[in-house]
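Thanks for coming. I will take this structure one part at a time, and you can follow along on the screen.

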Amino acid sequence: QVQLVESGGGLVQPGGSLRLSCVASGINFSIDRMGWYRQAPGKQRELVARITSGGSTNYADSVKGRFTISRDNAKMAVYLQMNSLKPEDTAVYYCNAYFTSAWGQGTQVTVSS
């Protein structure tokens, strides 16, 4: 059974940090391209960051220099370290396995004072 389970979301003040985790099961994780997407109320889902099986990364311009995506193939996990968070980062964050076409259930991130 394919499953992606996100965790680590929450409420944080502007300038704060959060680390999101996504643990996969039922997929060939080591060869899949993993990504983090987000969707704010009234907006389309957008790519935040992705990482290939070889470790190459891409980021949305809005998060470059603040967010870092990483993966641990042994744990079948992908992470998103988010620093210097801004109110506009508020959204539901989703984990994606590209070649498997699988999505997690999402985790809410709220940046507010």
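Let me start with a term: a residue is buried under 20% relative accessible area, exposed over 50%, and partly exposed in between, with a 1.4 Å probe and protein chains only.

Some notes on the source. This is a predicted model, in which local features need pLDDT of at least 70 and side-chain atom pairs count only at pLDDT 80 or more, while totals for chains, interfaces and linings use all residues. Residues are numbered from 1 along each chain as its sequence is written, and side-chain values use heavy atoms, with hydrogens and water left out.

Back to arginine 66 and aspartate 89. Their side chains meet in a salt bridge, 2.8 Å from N to O. Arginine 66 is in the loop between β6 (57–59) and β7, and aspartate 89 is in the loop between β8 and β9, so this pair ties together parts 23 residues apart in sequence. By salt bridge I mean a side-chain nitrogen of Lys or Arg within 4 Å of a carboxyl oxygen of Asp or Glu. The strand names come from DSSP: helices (H or I, at least four residues) and strands (E, at least two) are DSSP runs, numbered from the N terminus.

How many salt bridges does the structure hold? There are 4. Aspartate 89 takes part in another one, with the side chain of arginine 38, at 2.9 Å from N to O. Here the loop between β8 and β9 is tied to strand β4, where arginine 38 lies, so the two parts joined are 51 residues apart in sequence. Aspartate 89 has a relative accessible area of 0%, so it is buried. Arginine 38 counts as buried because its relative accessibility is 6%. Arg38, Asp89, Arg66 and Glu46 are linked in a network of salt bridges.

Lysine 64 and aspartate 61 also form a salt bridge, with 3.1 Å from N to O. Are these two residues buried or exposed? Both are exposed.

Next, the disulfide, meaning a pair of cysteine sulfur atoms within 2.5 Å. A search of the whole structure finds 1. Cysteine 22 is joined to cysteine 95, with 2.2 Å from S to S. The angle about the S-S bond is -80°, and the link is left-handed. Cysteine 22 belongs to strand β3 (residues 18–25) and cysteine 95 to strand β9, so the link ties together parts 73 residues apart in sequence. Cysteine 22 counts as buried because its relative accessibility is 1%; for cysteine 95 the value is 0%, so that residue is buried as well.

Now the strands around β8. Two strands pair if DSSP finds at least two bridges between them. β7 and β8 (residues 77–82) pair in the antiparallel sense over 6 bridges. Arginine 71 stands opposite valine 78, and serine 70 stands opposite tyrosine 79. The two strands form a hairpin with 4 residues between them, and methionine 76 in the turn has a positive phi of about 55°.

Of the 6 residues of β8, 5 are buried, so the strand is largely enclosed by the rest of the structure.

Grid points are joined across faces, edges and corners, and the volume is the space filled by probe spheres set on the points. The search of the whole structure finds 1 cavity of 30 Å³ or more. The largest cavity has a volume of about 40 Å³. Its lining consists of Arg33, Met34, Gly35, Tyr37, Arg50, Asn96 and Tyr98. Strand β4 (residues 34–39) gives the largest share of that lining, 3 residues.

Last, a loop residue. Serine 101 lies between β9 (91–97) and β10 (102–103). Serine 101 counts as exposed because its relative accessibility is 60%.

Note on methods. 1 Å grid on protein atoms, 1.4 Å probe; cavity = no way out; pocket = protein on both sides within 12 Å on 5 of 7 lines; lining within 4 Å.
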